[in-house]
Structure formats: C-alpha cells, structure tokens
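Dear colleague,

Please find below the structure that I am handing over to you. My notes on it follow directly after.

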Amino acid sequence: MIPPKDLDQGRRSRANSVVMELKGAIFTTAVLATLLCSPALAQKSPPAPASVALPPTMAPAPAPAPDYVDLAALLGVAGPFHTFLSYLQKTNVIETFQRQANKTKEGITIFVPKDSAFAALKKSTFSNLTSDQLKMLLMYHALPEFYSLAQFRNLSVLNPVNTFAGAPYTLNLTDDMGTISVKSMWSKPTISSSVYATDPVAIYSLNKVLLPMQIFTKDPPLAPAPAPAPESGASDLAPSPGGKAGAGKGKADSTSAGYGLGVGAVNCLLAAGGLMMFLW
C-alpha cells in the first residue's frame, strides 16, 4: 500500500506537468499571434474590388405620336373650300381621309378644288352622280401618302400615279419650273397654293375640279357665264351748282332759239325793203 505522502507528491507532480504543458501552449499561441500581427510579417490581403453602381436600364423612349390634324376644321377656315368639304361630310369620305391621316405611317395628300372651281361647272355635273360615283370622285382627289412640294419632281417620273380611289383612277403629275400640274382626263388644274404641308398631312389648293374618265364619259359642260351687270347711264354734263343736271343746257337752248328768231326777222325786213326799192 502506497503511503499517503507519496500519493500526494505524485498528484502534485502530474498537476505541475499539466500546468507546464498549458503554459507552453499559451506561450506558443502568444508567439504565433505576435508574428501574425507584426506589420513586417503579416501578409496583407488584397483589397476587395469596389462595387460599381450601374445605372438602371432605361426602356427606349416611344416615338412621338404625330400631331392630330382635324381635316374638317382645317378646310373650314381655309380656302374657301366649302363645296368640297360639304361633299366630304355628306359622303363620310372625311372619316376615311381622317383615319389615313392620323392612323397610318404613310399619311395623305389631298388636292382641294376651290369653290369657284365647282361653280365653273353646271350643277347637273355633280347632282346626276350616284353616291358611289361621288365618293370615288372625292377619293380621286387624294393620294394615299404624304408628299411635299419638293417630292413632286420625283413623283412625276412615276406617272401615272395611283390615287386613293384605286388603280384605275390615276393622275399625271408634272413639275414645270415649280408650276405643278395635276392632270386628269377632262381637266389639268395647277396647284395654286399649299394650304398645309406637315407630315403626315399635305393639302394643296386646285383651280379646277379633277374629272376622271371612269365617271365622266365626255367633257362636262361649263356653267353659263353670268350676265353682265347693267351699266347706269351717266349724264354728259356734270350737275350744276344748283343740283339739277341739264338745267344750264336747257337755258342755253332757249337763248339760242330766241337769237335765231331775231336774226330771221331782220333778214325778212331787209329783203322786203330791197324789193320795194326795186319796184319804185
């Protein structure tokens, strides 16, 4: 049996051994920590790349919508184009032109005759047309695309040009030193002015109505020329200061008559005296 004294010494020896191991471990850890924290020996890790803030992706801006052009309002204040506008509204062709102007990328070109161009033809020229013929006549005055005045020079090379009425209804366009003519079968009007020319709508004024042979088999008759206004007969003499024209003339006539009578009486007396002297 081991004496208690020896047993305590053994325990103290093992305890001291454990303490020494712990101290050695702590010392080793401290040395390693010192080495790692030293500026000369510590390895600097590369800095993390800075994050770049990217701008948000923007959606492409939509193309601007073309300005809305109210054809009825425009024709109502320009011109005068009241006759052409009334036909457009009566046949609802104005709605067809309006859709082409504002709901297509091609646009529209309209040739608008003045009121005087319609007045130059007999009223029966248009009153005898059927509703379909009148619609085709109106659409014959438009091209299903926007054309500026500068483009007519190139467009004339493509003659004949199809109109809004369809393939059989064609026009021939000519540009003679800036004077643009629009030729149909029975008329050859010229563009007298540009009423409106901003893409997608172009409106040009004509001095005659376009008359296609598909509707008119012969040249429509012209309206009779208006009778000349009667001319008021002016007095040959200016009014007298008294306010009555011709009063001076009447007075002059009576004076002249009296003078003529007196001269005649003297001549008679002289002739009688001479006869008496001869008989004596």
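This is a predicted model: local features need pLDDT of at least 70, side-chain atom pairs count only at pLDDT 80 or more; totals for chains, interfaces and linings use all residues.

How many bridges pair strand 6 and strand 7, and in which sense? The two strands pair over 6 bridges in the antiparallel sense, strand 7 being residues 201–206. Two strands count as paired if DSSP finds at least two bridges between them. Strands (E, at least two residues) and helices (H or I, at least four) are DSSP runs, numbered from the N terminus.

Residues are numbered from 1 along each chain as its sequence is written, and side-chain values use heavy atoms, with hydrogens and water left out.

A hairpin with 2 residues joins strand 6 to strand 7, and Tyr196 has Ile203 in strand 7 as its bridge partner. Elsewhere in this sheet, strand 1 (residues 108–113) pairs with strand 2 in the antiparallel sense over 2 bridges. Ala142 in strand 2 is the bridge partner of Ile110.

Strand 4 (residues 166–176) is joined to strand 5 by 5 bridges, and Leu173 has Val182 in strand 5 as its bridge partner. The hairpin of strand 4 and strand 5 has 2 residues between the strands, and in it Met177 takes a positive phi near 55°.

**Side-chain contacts**

A search of the whole structure finds 1 salt bridge, defined as a side-chain nitrogen of Lys or Arg within 4 Å of a carboxyl oxygen of Asp or Glu. Arg153 forms a salt bridge with Asp175, and their closest N and O atoms are 3.8 Å apart. The pair links distant parts of the chain, 22 residues apart: Arg153 lies in helix 8 (residues 152–155) and Asp175 in strand 4.

The whole structure also holds 9 aromatic pairs. Rings of Phe, Tyr and Trp (its six-membered ring) pair if their centres lie within 6.5 Å; planes under 30 degrees apart count as stacked, over 60 as edge-to-face and the rest as tilted. The rings of Tyr87 and Phe118 have centres 5.9 Å apart and planes at 55°, so this pair is tilted. Tyr87 lies in helix 3 (residues 82–91) and Phe118 in helix 5 (residues 115–119), so the pair ties together parts that are 31 residues apart in sequence.

With kind regards
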